[in-house]
Structures are given as C-alpha cells and as structure tokens.
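Let's take a friendly walk through a protein model with two chains. Please have a look at the sequence and the structure first.

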Amino acid sequence: MIEIQNVRKSFGDLEVLKGIDLTVQKGEVVTVIGGSGSGKSTLLTCINGLEPIDSGRITIDGTEVHAKSTNLNKLRRKVGIVFQQWNAFPHLTVLENVTLAPRKVLGMAKAEAEAIAEKQLRHVGLGDKLTTYPSRLSGGQQQRMAIARALAMSPDYMLFDEVTSALDPQLVGEVLETLKMLAEEGMTMICVTHEMGFARDVSNRVAFFHQGIMAEIGAPDQLFNDPQHPETQKFLANVR
Amino acid sequence: MFDYTFQWKQAFNRLPQMLDGAVVTMEIAILSMVLGILLAILLTVFRLSGSRPLMAFATTWVEIARNTPALFQIYMAHFGVASFGIHFSPFVSILIGITFNNAGYLTENFRGALKAIPDTQGRAGRSLGLTQLQSFRYIILPQMLRISFLPMTNQMVWAILMTSLGVTVGMNSDLYGVTQDLNALTFRTFELFALAAVIFYLITKTITLGGRLIAARLFRY
C-alpha cells in the first residue's frame with residue numbers, strides 16, 4: 001500500500017505540491033490527469049524518493065520513503081518507475097539494459113538474470129530484439145524495453161510518468177497495450193497520463209490534479225461523466 | 001658552404017638500437033596512458049563528489065597539468081622532488097611526469113564527455129535501485145570513455161612525443177635518448193635524428209589509425 005499524507009513540495013518559490021493525500025491499495029490502478037505544471041509528475045518522483053519532500057509523509061508498505069533511516073536503493077527495488085523519456089542505456093544491448101539492475105542490485109547470476117530479462121522482454125513483445133542496441137529501436141520499442149527493465153526487478157508497484165507523451169502517435173497504442181496488460185495482471189500502478197481513453201478503460205480511480213492540489217478523485221465513470229470540481233469540468237471540456 | 005656528406009648507412013646500422021629505444025618509448029607511453037586514464041577517472045569522481053577539498057584537489061591538478069610546460073612537470077618529478085630527498089630513476093620520473101600531464105588533460109576531456117550524457121541516464125540508473133557509484137560505474141563511465149576515446153588517442157600521441165623530454169632528466173634508453181647518445185658517438189646528427197623522426201611518425205600514425213579502427217567498433221551502438 002502506498003500512503004501519501006499531506007505532502008508539500010516546492011522548487012524555489014514555486015510550490016508544486018500543496019498538501020496531497022492519496023492512498024493506493026495493492027492491486028489498484030490509479031491514473032493521474034491534469035494540466036502541465038499541476039504537480040503530477042513531481043508526485044511520482046517523490047514517491048520513489050528521487051525528489052525530497054518539504055513536509056508530509058509518503059509510506060510504502062509501512063516504510064517511510066523520506067525518513068533518514070530508509071535505504072532508498074533497497075526501497076526502489078519495490079517501486080519501478082518509467083519516465084516520459086525512456087532513458088535506454090545506449091551502450092548496452094536490449095538484454096543488457098534489462099539484466100543490469102537484477103545483476104548489480106540483486107546480485108543475480110548472469111544466466112538467471114538473462115532468463116528473467118528474456119521473459120520480461122517477450123512479455124512486452126521484444127523477444128526478438130535481445131541483442132539489438134537501443135538506437136535501432138523505435139521510440140515505442142525503447143519505451144517497452146524501459147518497462148521490461150523496471151519489471152525485471154519484480155517490483156510490487158509501478159509508476160508511469162507520461163510514458164506515451166514523447167512518442168509518435170502511431171506508437172502510443174503499443175505502449176498503452178503493454179500497460180493495460182500489466183493492469184489486467186494485477187500490478188499496482190500509478191499512471192500519470194494524458195491518454196483519457198486509457199484512464200477511463202484501465203483505472204480503478206482517476207485523480208485530477210490542478211495547480212498542486214488533488215482537486216478531485218473518483219471512479220472513471222463518475223469523474224469523466226459527472227465531474228464535481230469546476231476545474232475538472234473545464235479540463236475535461238478542453239481535452240475532449 | 002654545403003659540404004656535408006650524408007652517411008645513411010651509419011645511421012641504418014644503428015637501427016636495431018633505435019628500435020629497442022622505440023620499445024622503451026612505447027612502454028612509457030602505454031604505462032603513462034593506463035595510469036593517466038585511471039587517475040583521470042578518479043579525478044573525475046572527485047569533481048563529481050560534491051566535496052570541496054576533493055574538487056579543489058582535482059581542479060588544481062588539471063590546472064597545473066594544462067597550464068605549465070610538460071618539461072616543467074617532468075623536471076619537478078625528478079629534480080623537484082629530489083630537493084626533498086626523494087630520488088626516482090629517470091624512467092620513473094618521466095613516467096610520473098607524463099602520467100601527471102595525461103591525467104590532467106584526460107580529466108578535462110572526460111568533463112566534456114560527461115556533458116554529452118543526459119542527466120536522466122544517471123537518474124534512470126538510480127530509479128532501478130543502483131547506488132550512485134554503481135550508476136556511475138555501469139552507466140555513465142562506459143559512455144564517457146567511448147565519447148572521449150578519440151581525444152584519448154590524441155593524448156596517447158602526445159605521450160609518445162613527450163617521452164623525448166626524458167633526456168633532460170638523464171633518460172637514455174628511450175628512442176630520443178638512444179638517438180642522442182648515438183649522435184654523440186658518431187656525429188651523424190642529421191641522419192640519426194631524421195631516422196628517429198620517421199620512427200616517431202610511424203608510431204604515432206599507427207596509434208591514430210588504430211584508434212580510428214577501434215573507435216569504429218566501439219561506436220557500433
């Protein structure tokens with residue numbers, strides 16, 4: 001379970017998170033929508049401790065992320081994150097990209113790591129690209145590789161930060177299909193996205209962020225068909 | 001006015017000795033590059049460490065190496081430290097001097113290479129649970145070394161040429177030192193040094209061309 005309690009975060013004078021409360025249960029898929037600058041991506045990087053927070057608390061299965069005593073490297077094994085920019089490691093083959101963390105972080109033997117990586121890569125449809133370098137892959141393939149790379153650590157939670165935003169439109173579908181598949185398999189996920197169709201189809205709950213606050217959260221049907229907050233109404237009217 | 005008679009045969013007779021010297025020259029250059037690269041990696045880590053004393057140490061090294069004559073650096077490694085009672089053989093002194101110079105220049109090359117690697121690479125590594133050091137070792141460093149590979153071959157050429165400064169600290173077993181001794185023995189100055197120049201040229205050219213061939217393989221991705 002991920003518990004976010006009254007989290008505040010500023011960059012200089014700009015307060016990007018103004019007291020966020022959100023609890024994500026195991027097996028739940030929560031999508032976060034909202035305009036740019038609403039703080040949704042920052043929230044994800046705070047959840048896995050890449051960004052410090054100013055006040056409040058984030059706990060993952062009872063471990064407080066930003067406590068001094070927390071071993072973040074250890075905690076991050078539980079929480080996979082995939083970014084808008086997929087950040088393939090260009091000097092490593094697809095297979096090596098995926099085996100790096102299992103080998104170096106979990107201390108897995110090469111053969112074992114490769115077996116897991118192959119399984120994950122086949123899972124996301126890249127079983128025939130193992131020895132290819134990322135530069136030979138399309139954006140969508142690189143993004144799916146990044147997803148496999150995160151999954152190879154067998155995380156309990158996955159965070160997706162606008163993973164389709166940097167892709168050519170015709171490549172968005174294949175990545176969303178991969179996310180859908182993960183959701184159906186019961187992965188606990190928080191997805192920041194601009195894909196409203198995806199949010200509607202896949203999520204258990206949809207949260208709408210506006211200027212650093214979570215203006216509204218609810219089941220997709222409710223939020224999309226009967227938004228309560230005026231900003232949600234405005235946002236949805238514009239994206240439709 | 002021009003009554004010098006070339007005696008190339010005399011010079012060519014000495015070719016085996018000069019080639020032995022060339023081997024020593026290459027030894028010094030290769031060793032100084034290997035050590036220089038390792039030190040430059042260390043200095044780069046110092047620069048990234050965020051610790052003021054370590055950063056200052058690295059910066060001082062780079063500044064001295066790049067802004068003083070290589071001859072000064074080699075002199076200091078021999079006669080300079082001798083003032084404090086530390087005595088190195090000419091071979092060790094020239095090795096220290098050139099290594100110092102290599103490390104300084106390479107650190108600066110590495111800095112440029114690091115700029116070409118997006119910050120998000122390290123971040124992606126951290127988010128997979130790698131420690132900062134692991135992320136540097138497995139993600140940043142290999143890319144940095146590849147990007148700065150061609151500048152490294154330039155530095156290798158420099159290292160070969162800098163060995164000629166060894167004569168100033170009494171080095172006489174390298175190519176330049178051997179040539180100088182043979183000159184004192186035979187007075188075939190032009191022939192001997194011309195031959196040495198050709199050998200220097202062939203060595204450095206081989207390094208440059210070999211470097212390009214290797215680079216083509218390294219940049220496969």
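The report below goes through the model chain by chain and then turns to the contact between the chains.

## Before we start

This is a predicted model, in which local features need pLDDT of at least 70 and side-chain atom pairs count only at pLDDT 80 or more, while totals for chains, interfaces and linings use all residues. Residues are numbered from 1 along each chain as its sequence is written, and chains are lettered from A and ligands numbered from 1 in the order in which they are written.

Helices (H or I, at least four residues) and strands (E, at least two) are DSSP runs, numbered from the N terminus. UniProt positions follow the numbering used here, feature names are shortened, and annotations may be inferred rather than shown by experiment.

## Chain A and its sheets

UniProt, in an unreviewed entry, places "domain: ABC transporter" at residues 2-236 of chain A. That span of chain A is 37% helix and 26% strand, with its end C-alpha atoms 27 Å apart. Strands of a sheet pair through backbone hydrogen bonds, either parallel or antiparallel. Here two strands count as paired if DSSP finds at least two bridges between them.

One open sheet of chain A has 4 strands in the order β2-β1-β4-β5, with antiparallel pairing. Strand β4 (residues 55-60) of chain A is joined to β5(A) by 2 bridges, and the two run antiparallel. For Ile60(A), the bridge partner in β5(A) is Thr63(A).

Another open sheet of chain A has 6 strands in the order β6-β7-β8-β3-β9-β10, and its pairing is mixed. At the edges are β6 (79-82) and β10 (213-218) of chain A, each pairing on one side only. On average, neighbouring strands of this sheet are turned by 15° against each other, direction ignored. Axes are lines fitted to C-alpha atoms, for helices over the stretch in contact, and angles run from 0 to 180 degrees between N-to-C directions. Strand β9 (residues 205-210) of chain A pairs with β10(A) in the antiparallel sense over 5 bridges, and Ala207(A) stands opposite Ile217(A) in β10(A). Helix α5 (residues 139-151) of chain A packs on this sheet and touches β6 and β7 (157-161) of chain A. The direction of this helix makes about 170° with that of β6(A).

## Chain B, a chain of helices

How many helices and strands does chain B have? The count is 10 helices and 0 strands. The C-alpha atoms of chain B fill a box of roughly 75 × 45 × 30 Å along the principal axes.

An unreviewed UniProt entry lists "domain: ABC transmembrane type-1" for residues 22-211 of chain B. This stretch of chain B is 82% helix and 0% strand, and its end C-alpha atoms are 19 Å apart. The annotation "transmembrane region", also from an unreviewed UniProt entry, covers residues 22-46, 156-173 and 193-215 of chain B. Residues 156-173 of chain B are 39% helix and 0% strand, with end C-alpha atoms 20 Å apart. Residues 193-215 of chain B are 100% helix and 0% strand, with end C-alpha atoms 32 Å apart.

## Two helix pairs in chain B

Two packed helices are described by the angle between their axes and the distance between the axes. Helix α5 (residues 90-115) and helix α8 (residues 149-162) of chain B have axes that come within 10 Å and cross at roughly 160°. That makes α5(B) roughly antiparallel to α8(B). (Angles under 35 degrees count as roughly parallel, over 145 as roughly antiparallel, 65 to 115 as roughly perpendicular and the rest as oblique.) The residues of this contact of α5(B) with α8(B) divide into 7 nonpolar, 4 polar and no charged. Ala, Val, Leu, Ile, Met, Phe, Trp, Tyr, Cys and Pro count as nonpolar, Asp, Glu, Lys and Arg as charged, and the others, Gly among them, as polar.

Helix α2 (residues 15-48) and helix α3 (residues 52-67) of chain B pack at an angle of about 135°, with their axes 7 Å apart. Therefore α2(B) and α3(B) are oblique to each other. Leu43(B), Phe46(B) and Arg47(B) in α2(B) meet residues of α3(B) including Leu54(B) and Trp61(B). Residues are in contact if their C-beta atoms, placed from the backbone, lie within 7 Å. This contact of α2(B) with α3(B) has 7 nonpolar, no polar and 1 charged residues.

## Where the chains meet

The contact between the chains takes 20 residues from chain A and 18 residues from chain B. On the side of chain A that touches chain B, the largest share, 3 residues, comes from helix α3 (residues 94-104) of chain A. That side of chain A divides into 10 nonpolar, 6 polar and 4 charged residues.

Technical notes: Contact = placed C-beta atoms within 7 Å.
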